[in-house]
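Subject: Structure handover

Hello,

Please find the structure below.

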Amino acid sequence: MSNPQGRRYVGPVLKNSEIGDAVLEAIYEDNEGRNIEVEEHSSYMRVKVEQVCVIRFNTVSSMLGREVSRADIESNMPSLEGFIRVDSDQMRFLATADSE
């Protein structure tokens with residue numbers, strides 16, 4: 001059974017860690033109104049957001065109570081689904097390469 005492009009899920013795979021938990025909380029906050037699914041495994045969690053997933057670095061920092069860098073997030077993200085766009089203040093996971 002194929003998943004039509006309009007229903008594609010994207011997002012990070014996160015290590016089970018303090019930063020991974022904060023990123024997951026930030027995903028819920030930064031993607032309010034979007035369908036979000038989480039597959040929990042013993043050492044990681046796969047986050048699936050329909051079409052577009054946004055992670056704002058300030059939101060993650062706020063969840064942790066300290067400054068978090070892009071490198072901190074990337075080191076806790078061994079994999080991802082979709083096309084990634086990284087800006088100075090956020091990461092976006094997109095269903096198609098030409099998505100905005």
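Strand β1 and strand β5 (residues 79-81) pair in the antiparallel sense, and three bridges hold the pairing. Two strands count as paired if DSSP finds at least two bridges between them. Helices (H or I, at least four residues) and strands (E, at least two) are DSSP runs, numbered from the N terminus. Within this pairing, Pro-12 has Leu-80 in β5 as its bridge partner, and Val-13 has Ser-79 in β5.

Before the rest, the conditions. This is a predicted model, in which local features need pLDDT of at least 70 and side-chain atom pairs count only at pLDDT 80 or more, while totals for chains, interfaces and linings use all residues. Residues are numbered from 1 along each chain as its sequence is written, and side-chain values use heavy atoms, with hydrogens and water left out.

Strand β1 covers residues 9-15, and six of its seven residues are buried, so β1 is largely enclosed by the rest of the structure. Buried means under 20% relative accessible area, exposed means over 50%, and partly exposed is in between (1.4 Å probe, protein chains only).

Together these strands belong to an open sheet of four strands in the order β2-β3-β1-β5, with antiparallel pairing. The edges are β2 and β5, each with a single partner strand, so one side of each has no neighbour in the sheet. On average, neighbouring strands of this sheet are turned by 15° against each other, direction ignored. Helix α1 packs on the sheet and touches β1, β2 and β3, and its direction makes about 15° with that of β3. Contact here means heavy atoms within 4.5 Å. For the angles, axes are lines fitted to C-alpha atoms, for helices over the stretch in contact, and values run from 0 to 180 degrees between N-to-C directions.

Glu-40 and Phe-83 are 43 residues apart in sequence and 22 Å apart in space, C-alpha to C-alpha.

The three-stranded sheet

Phe-83 stands opposite Leu-94 in β7. β6 and strand β7 (residues 90-94) form an antiparallel pair over four bridges. The open sheet here has three strands in the order β4-β7-β6, again with antiparallel pairing. β4 and β6 (83-86) are at the edges with a single partner strand each, so one side of each is left without a neighbour in the sheet.

Gln-90 lies in β7 and is buried, with a relative accessible area of 14%. Leaving aside neighbours within four places in sequence, Gln-90 is in contact with Val-54, Ile-55, Arg-56, Phe-57 and Arg-85. Helix α2 lies across β4, β6 and β7, running at about 60° to β4.

The helix pair

How do α1 and α2 pack? Helix α1 (residues 18-30) and helix α2 (residues 57-64) meet at an angle of about 125°, with their axes 8 Å apart. The two are therefore oblique to each other; angles under 35 degrees count as roughly parallel, over 145 as roughly antiparallel, 65 to 115 as roughly perpendicular, and the rest as oblique. Glu-18, Ile-19, Ala-22, Val-23, Glu-25, Ala-26, Glu-29 and Asp-30 in α1 meet Thr-59, Val-60, Met-63 and Leu-64 in α2.

Val-60, in helix α2, is buried, with a relative accessible area of 0%. Outside the four places on either side in sequence, Val-60 is in contact with Ala-22, Val-23, Ala-26, Ile-55, Val-68 and Ile-73. Val-60 and Asp-21 are 39 residues apart in sequence and 9.3 Å apart in space, C-alpha to C-alpha.

One backbone point

Gln-51 has a positive phi of about 80° although it is not a glycine. Gln-51 lies in the loop between β3 (44-50) and β4 (52-56), and is partly exposed, with a relative accessible area of 28%.

Regards
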